[in-house]
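Let's take a walk through this protein together, from the order of its pieces to the way they sit side by side. Keep the picture open as you read.

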Amino acid sequence: MTSDQNLDAGLPIRLLHDRVLVKTEGSEGERRSTAGIVIPATAAVGKRLAWATAVGVGPNVRSIVSGDRVLFDPDDRSEVELHGRGYVLLRERDVHAVAAERVEPDATGLYL
């Protein structure tokens with residue numbers, strides 16, 4: 001999906017420059033460890049990155065396409081609500097990693 005197409009069933013929006021619109025996965029509330037232990041939202045943890053799914057990208061985005069899972073810092077984000085749904089707007093340079101089947105194992109993802 002390009003930035004000129006509609007996002008999420010009829011949401012008309014065109015992203016500009018190097019912007020990436022993402023939908024976060026899960027909530028920022030309590031989490032469960034792999035052993036099933038509930039970790040409350042108030043528990044102090046180090047700086048934790050978050051995963052989200054790209055739902056739209058601007059024309060100058062080089063490494064991300066709609067549908068990719070991206071890793072970003074939730075403290076450095078701009079939130080926006082579109083048609084009652086919450087999204088996060090990022091710059092491509094604020095994305096730390098991309099998880100997609102098309103990503104090659106030796107790709108560095110570095111800007112020149």
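**Strand after strand**

Follow the sequence along and the protein reads β-β-β-β-β-β-β-β. That makes eight strands and zero helices; both are DSSP runs numbered from the N terminus, where a helix is H or I with at least four residues and a strand is E with at least two. Keep in mind that this is a predicted model, where local features need pLDDT of at least 70 and side-chain atom pairs count only at pLDDT 80 or more, while totals for chains, interfaces and linings use all residues. Residues are numbered from 1 along each chain as its sequence is written, and side-chain values use heavy atoms, with hydrogens and water left out.

Now for the sheet. Six strands line up in an open sheet, in the order β6-β7-β1-β4-β5-β8, with antiparallel pairing (two strands pair if DSSP finds at least two bridges between them). β6 (78-82) and β8 (95-99) are at the edges with a single partner strand each, so one side of each has no neighbour in the sheet. From one strand to the next, the twist averages 40° (axes are lines fitted to C-alpha atoms, and angles run from 0 to 180 degrees between N-to-C directions).
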